Amino acid sequence: MKPETIALHGGYGGDPTTKAVAVPIYQTVAYSFDSAAHGAALFDLEVEGYRYTRIGNPTVDVLERRIAELEGGIDALAVASGQTAVYYTMLNLAQAGQNIVSVPQLYGTTHTLFAHILPQLGVRVRLARSDSPAELESLIDADTRALFCETVGNPAGNICDLEALAAVARRAHIPLVVDNTVATPILCRPIDYGADIVVHSLTKFLGGHGTSLGGAIVDSGRFPWAKHAARYPRLTQPDESYHGLVYTEHYGAKAFLGRGRSVFQRTMGAVLSPFNAFLLLQGIETVALRVERHVANARRVAEFLRADRRISSVSYAGFPDNPHHALCQKYLGGRACSLMTFEIRGGYDAGTRFYDALELFKRLVNLGDAKSLACHPASTTHRQMSAEEQRQAGLGPATMRLSVGIEHIDDILADLDQALAAATRA
Ligand code: PLP
């Protein structure tokens, strides 16, 4: 099925008992066993079924299947937030003494996780100075366990050369992990270009209405864990924390998320609630339509800003002179995202006057809501970074980030125009 159809039907063929057409919310913590033997068989993973919502829930399952289908993966694990998805993925791949290689254009909290939190657990993250595949390759060594990038960097708007990065990862026998939050599977499916694992903040465009936090980890099922058993022993050797289970033997191609669920979800417990899964499923139903409108509105906004002499620069991959234009054509089908950054003449002070004058755009730290949103990354999402780290992440002290919504374009442009007037009046 095409993404537009999967978004409505993926992972759910109707409720077998009630014939409910909408996905039911299974708001339950636990599930009863038929007998002691049935409980034991469930815990031994000998039979399929539910035990406890921290480990699995029927509403959340539908969301997992739908995301997996949208991304072209074989399995997905839904978690409490996008940040949990990144964190669990890294913990599932690397342990103390090992490292991860990453692009520097990252969402601010992912940067904090990589630069400060994973190193506290003994996992070093080697941040390249750019998203150049050659530079990233030069940072990989025998202890590297993953290569990480965002399809479209937040907020830099850079587009990673996924095929080239997948080739680098393949040569190093490590998985390529791609955060596809900003692009969404509507604009790009990283697995089609060789990514092994895709992570998402469902909080953004997929949910689409700014109501619910959620995250997902999608496995392509293609990485040969057993072939590289010496590198990934936790997937290929008996797990004493789960009565000696060998994930690659029990789950086969789904070993990565089998361990993700049995170890990280079960013992750390950052679970997606069934109610949030329901709200996210509602949002996903219209993601293709919304993204189409987001993309069209963003182009009009980018053109408006570029033509305005109050603006000194606009970073938008849809312009032919943008350094990422060719990659935008290749990976996003020329549909540049509705996340963009720009600088106002007059620097930081003019930027804050513009920000304070916005009326329709919401001042906040979020993206991908149906509503138009504005963010000043240097003082909020990327505040923990040094000035140099911010520069490498693609932003300056006065950079404004817009997530262009799906309102009528005339109203969006009118708000930007009046805020620019207020900012530059002085
Ligand atoms: N990845 C990207 C690219 C993001 O932009 C965000 C949040 O803005 C996250 C991950 C984290 O997502 P969440 O807020 O759902 O934890």
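How much space lies in the largest cavity? I began the notebook with this point and found about 80 Å³.

**Basis.** I worked from a predicted model, in which local features need pLDDT of at least 70, side-chain atom pairs count only at pLDDT 80 or more, and totals for chains, interfaces and linings use all residues. I took residue numbers from 1 along each chain as its sequence is written, with side-chain values on heavy atoms, hydrogens and water left out.

**Cavities.** I found four cavities of 30 Å³ or more. A cavity is a set of points, on a 1 Å grid over the protein atoms alone, where a 1.4 Å probe fits but cannot get out, and lining residues have an atom within 4 Å of a point. A volume is the space filled by probe spheres set on the points. I noted 13 lining residues for the largest cavity, with G157, S315, Y316, A317 and L339 closest to its centre. I place the largest cavity between domain 1 (3–282) and domain 2 (288–424), because both give residues to its lining.

**Ligand.** I looked up the 14 residues around the ligand (a heavy atom within 4 Å); G82, N154, D179, S201 and T203 come nearest. This shell has three nonpolar, eight polar and three charged residues. I then checked polar contacts (pairs of N or O atoms within 3.5 Å). A ligand nitrogen lies 2.6 Å from a side-chain N or O atom of D179. Ligand oxygen atoms gave 2.8 Å to a polar backbone atom of G82 and 3.0 Å to a polar side-chain atom of K204.

Conventions. Polar contact = N/O pair within 3.5 Å; in protein donor to acceptor, adjacent residues only side chain to side chain. Nonpolar A, V, L, I, M, F, W, Y, C, P; charged D, E, K, R; others polar. 1 Å grid on protein atoms, 1.4 Å probe; cavity = no way out; pocket = protein on both sides within 12 Å on 5 of 7 lines; lining within 4 Å. Domains from an automatic or database assignment.
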